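Hi,

Here is the structure I promised to pass on. Have a look at it first, and then read on for what turned up.

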Amino acid sequence: MSKLMLACCKLYISESRNRAALESIERAAKLFPEAAIINKFEDETYNRVGYTLVSKLAPKPSYNSCPLRSAVLAMVKVAFDTIDLELHCGSHPRLGVVDHICFHPLAHTLLDQVAEIAKSSAADIGSSLQVPTFLYGAAHEEGRTLDTIRRDLGYFKPNSSGTQWAGGLKPEFLPLKPDEGPAQVTQAKGVVVIGVTRWVDNYNVPILSTNIAAVRRIAKRVSGRGGGLPSVQAMALAHGEDVTEVACNLLEPSKVGGDRVQQEVERLAREEAMAVEKGYFTDLSQEEIIDRYLKFDKYGQDYLSHWGADNDVATVYFLRICRLFFAII
C-alpha cells in the first residue's frame with residue numbers, strides 16, 4: 001500500500017473587505033478540484049485573508065501538472081486582477097497583494113518535493129505575471145529566512161500614520177534582487193515572498209491596551225530573537241480600538257506551542273499592569289488539516305461546504321464578548 005503524500009499551501013492575500021474579489025479568487029481555485037481550500041481565515045481589522053490548500057502528490061510527482069501549483073497560480077492571478085495594493089489599508093504589515101505563500105509537506109511528503117512546487121510557482125509568478133518574487137527556506141539555495149527578506153524590504157515598519165500600512169510598496173526599485181521576475185515594483189501589486197518550511201503555527205494573543213510601545217517590549221521579550229522563547233517570532237500589532245496583539249510565528253510548535261506563548265505573554269503583561277485575553281490560532285493544526293482533507297477526498301466538496309471551511313476572526317470577537325459578559329454577571 002502506497003504511503004499518503006500531501007502538500008499544503010498557505011496563501012496570504014492583503015484583502016478581506018472586498019467580497020467580490022475574494023469570491024472571484026475562490027472560484028479560481030475551484031477550477032482545480034484536486035487542490036481543496038481546507039481552511040480560510042479572515043481578519044477585517046488587519047484587512048488580510050489566509051487560505052489553506054491541500055492536494056495529494058504522486059510518489060514521483062510531475063510538477064508541470066501539479067493541481068496545487070495550478071490552483072495557487074490561478075488564485076494569485078485573480079488576486080492581482082481584482083485587488084489594488086495602492087488602495088489597501090490595514091494594521092498588518094504586507095509587501096504585496098499576495099503577501100506570502102508558504103508550502104509545507106504533510107504526511108509522508110519530503111521537504112525537497114514541496115520545494116520544487118514552490119520554485120515552479122515562483123517562476124510562474126515572476127515570469128508569467130511579471131511580479132518580483134523572493135524565495136526562502138528550502139526553496140532558496142542558501143536557506144534564506146522569511147524574516148531576513150522582510151527586514152531587508154522594510155516589512156515591519158508602518159508606512160502610514162500610527163500603526164497602519166497603506167498604499168503600494170516603496171521605493172519603486174527594490175534594495176534586494178528578486179529570485180524571479182523584474183527588479184522593478186508595480187505599486188498596485190507589490191512583491192511576493194514564497195517559501196518552504198516544516199509546519200509553522202500562527203498564534204495571536206490579545207492584550208487589552210493601546211500602548212503599542214509597551215506591547216512591543218512584550219513581543220520582543222517573547223521572541224527568540226529578543227532572548228525569549230526559542231523558535232518563536234513575535235511582533236505587536238494594533239487590532240481594533242482597544243486591543244494590541246502579540247502576533248507569533250511558532251517555528252517549532254511541537255517544542256514551543258501556543259500554551260507556552262500564552263503563559264509567557266501573561267507573565268510579561270503583568271509586569272506592565274496589562275490584562276490579557278486567551279490567544280487563538282489563525283489556522284487548524286496540521287493533524288486537523290490532514291483529517292479534513294481526507295474527508296474531503298472521500299466525500300467531495302459537499303463535505304467542506306457542509307462542515308464549513310471558514311475560521312474567521314468574527315469567532316474571536318464572539319468569544320471575547322462572551323468572556324466580557326460572563327465577567328460582568
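**Helix packing and the sheet**

H1 and H2 are roughly antiparallel to each other, since their axes cross at roughly 155°, which is over the 145° cut-off. Those two axes come within 8 Å, and the crossing is right-handed. On the H1 side the contact is made by Ala 21, Ser 24, Ile 25, Ala 28 and Ala 29; H2 brings in Ala 71, Ala 74, Met 75, Val 78, Ala 79 and Thr 82. Sorted by type, that comes to nine nonpolar residues, two polar and no charged.

Before going further, keep in mind that this is a predicted model. The average pLDDT is 92, and 91% of the residues score at least 70. The stretch to watch is 315–329, where pLDDT stays under 50; the model has nine contacts for it beyond four places in sequence. Where pLDDT is low, the predicted coordinates should not be read in detail.

H2 also meets H3 (residues 111–128). Here the axes come within 10 Å and cross at roughly 30°, so H2 and H3 are roughly parallel to each other. This crossing is right-handed too. From H2 (residues 67–82), the residues involved are Arg 69, Leu 73, Val 76 and Phe 80, and they meet Ile 117, Ser 120, Ser 121, Asp 124 and Ile 125 in H3.

Six strands make an open sheet with mixed pairing, in the order E2-E3-E1-E5-E8-E6. E2 (36–43) and E6 (133–137) are the edge strands; each has a single partner, so one side of each is left without a neighbour in the sheet. From one strand to the next the twist averages 15°.

If you open it up, I'd begin with the H1 and H2 contact, then follow H2 across to H3.

Cheers

Key
Residues are numbered from 1 along each chain as its sequence is written. This is a predicted model: local features need pLDDT of at least 70, side-chain atom pairs count only at pLDDT 80 or more; totals for chains, interfaces and linings use all residues. Side-chain values use heavy atoms; hydrogens and water are left out. Two strands pair if DSSP finds at least two bridges between them. Helices (H or I, at least four residues) and strands (E, at least two) are DSSP runs, numbered from the N terminus. Axes are lines fitted to C-alpha atoms, for helices over the stretch in contact, and angles run from 0 to 180 degrees between N-to-C directions. Contact means heavy atoms within 4.5 Å. Angles under 35 degrees count as roughly parallel, over 145 as roughly antiparallel, 65 to 115 as roughly perpendicular and the rest as oblique. A crossing is left-handed if the near helix is turned anticlockwise from the far one by less than a right angle, and right-handed if clockwise. Ala, Val, Leu, Ile, Met, Phe, Trp, Tyr, Cys and Pro count as nonpolar, Asp, Glu, Lys and Arg as charged, and the others, Gly among them, as polar. pLDDT is the predictor's confidence in each residue, from 0 to 100.
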